Amino acid sequence: MPGMDSAARTAFLALPRTAVLATVDAHGRAHAVPVWYRFADGAFRIITDRGSAKHRNIERTGRATLCVDDRDGDFAHLTAEGPVVDAGQVTYEERLALHSFYRGEERAKAIAEKGGHERMVLLILRPERWY
């Protein structure tokens, strides 16, 4: 969708899509991995394991790029680039919200109730540029 305005971006991001998060490692190489996200209040909320490669790269550089695309055959996509902050340990509610967005409330509860969010961090990417 070339030239997506703010309303089109919001509508595009309102659907559960897998994104690719790109960071730069300590050797200057690109590190790109699929992630789930929630877009709220103008920022992407991404959960990852504390100490993962993407978490270490973001801790070091403070930046990332996220590409979200339509994988159903349409050539619709957007890319956001900007600063990323580590918002700390993931709460049960944050993990439940992410999994509910992708899997529905019932399945999300089963996942979140198993725990594990204690070892995860919440990354918040605030886009400075949209492509």
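**Note on the aromatic cluster, core and pocket of this model**

1. Trp-130 has a relative accessible area of 28% and is therefore partly exposed, a value that, like every other one in this note, comes from a predicted model. Trp-130 belongs to a cluster, linked by ring pairs, that also takes in Trp-36, Tyr-37, Phe-39, Phe-44, Phe-101 and Tyr-102.

2. The search of the whole structure for aromatic pairs finds seven of them. How buried or exposed are the two partners? Phe-39, with a relative accessible area of 25%, is partly exposed, whereas Phe-44 is buried because its relative accessibility is 0%, and the cut-off for buried is under 20%.

3. Phe-44 also pairs with Trp-130, and this pair is likewise classed as tilted because the ring centres lie 6.0 Å apart with the planes at 50°. Since Phe-44 sits in strand 4 and Trp-130 in strand 8 (residues 129-130), the pair ties together parts of the chain that are 86 residues apart in sequence.

4. Which residues does Phe-44 touch, once its neighbours within four places in sequence are left aside? Its contacts are Leu-13, Tyr-37, Arg-38, Phe-39, Leu-66, Val-68, Ala-80, Leu-123, Ile-124, Leu-125, Pro-127 and Trp-130.

5. Phe-44 is also one of the residues with the most contacts inside the largest nonpolar core, a group of 29 residues in which Leu-21, Tyr-37, Ile-46, Leu-66, Val-68 and Leu-125 are named alongside Phe-44. At least two residues of this core come from each of helix 1 (6-13), strand 1 (19-24), strand 2 (30-35), strand 4 (43-49), strand 5 (63-69), strand 6 (77-89), helix 3 (92-103) and strand 7 (120-125). Strand 7 makes the greatest contribution to this core, supplying six residues.

6. The largest pocket has a volume of about 210 Å³, and its lining is made up of Pro-34, Val-35, Trp-36, Ile-47, Thr-48, Asp-49, Lys-54, Arg-95, Leu-98, His-99 and Met-120. At least two lining residues are supplied by each of strand 2, strand 4 and helix 3. By kind, the lining residues divide into six nonpolar, two polar and three charged.

7. His-99, one of the residues lining the largest pocket, is placed in helix 3. His-99 is classed as buried because its relative accessible area is 11%, which is under the 20% cut-off. Apart from residues up to four places away in sequence, His-99 touches Trp-36, Gly-104, Ala-108 and Ile-111; among these, Trp-36 is a lining residue of the largest pocket and a member of the aromatic cluster.

8. The C-alpha atom of His-77 is 7.2 Å from that of Cys-67, a residue 10 places away along the chain.

9. Where in the chain is Asp-41 found? Asp-41 is in the loop between strand 3 (38-40) and strand 4, and its relative accessible area of 77% makes it exposed, the cut-off for exposed being over 50%. A reader checking the backbone may note that phi of Asp-41 is near 55°, a positive value in a residue other than glycine.

Note on methods: Residues are numbered from 1 along each chain as its sequence is written. This is a predicted model: local features need pLDDT of at least 70, side-chain atom pairs count only at pLDDT 80 or more; totals for chains, interfaces and linings use all residues. Side-chain values use heavy atoms; hydrogens and water are left out. A nonpolar core is a set of buried Ala, Val, Leu, Ile, Met, Phe, Trp, Tyr and Cys residues joined through side-chain atoms within 4.5 Å. Buried means under 20% relative accessible area, exposed over 50%, partly exposed in between (1.4 Å probe, protein chains only). Helices (H or I, at least four residues) and strands (E, at least two) are DSSP runs, numbered from the N terminus. Contact means heavy atoms within 4.5 Å. On a 1 Å grid over the protein atoms alone, a cavity is a set of points where a 1.4 Å probe fits but cannot get out, and a pocket is an open set with protein on both sides within 12 Å along at least five of seven lines; lining residues have an atom within 4 Å of a point. Grid points are joined across faces, edges and corners, and a volume is the space filled by probe spheres set on the points. Ala, Val, Leu, Ile, Met, Phe, Trp, Tyr, Cys and Pro count as nonpolar, Asp, Glu, Lys and Arg as charged, and the others, Gly among them, as polar. Rings of Phe, Tyr and Trp (its six-membered ring) pair if their centres lie within 6.5 Å; planes under 30 degrees apart count as stacked, over 60 as edge-to-face and the rest as tilted.
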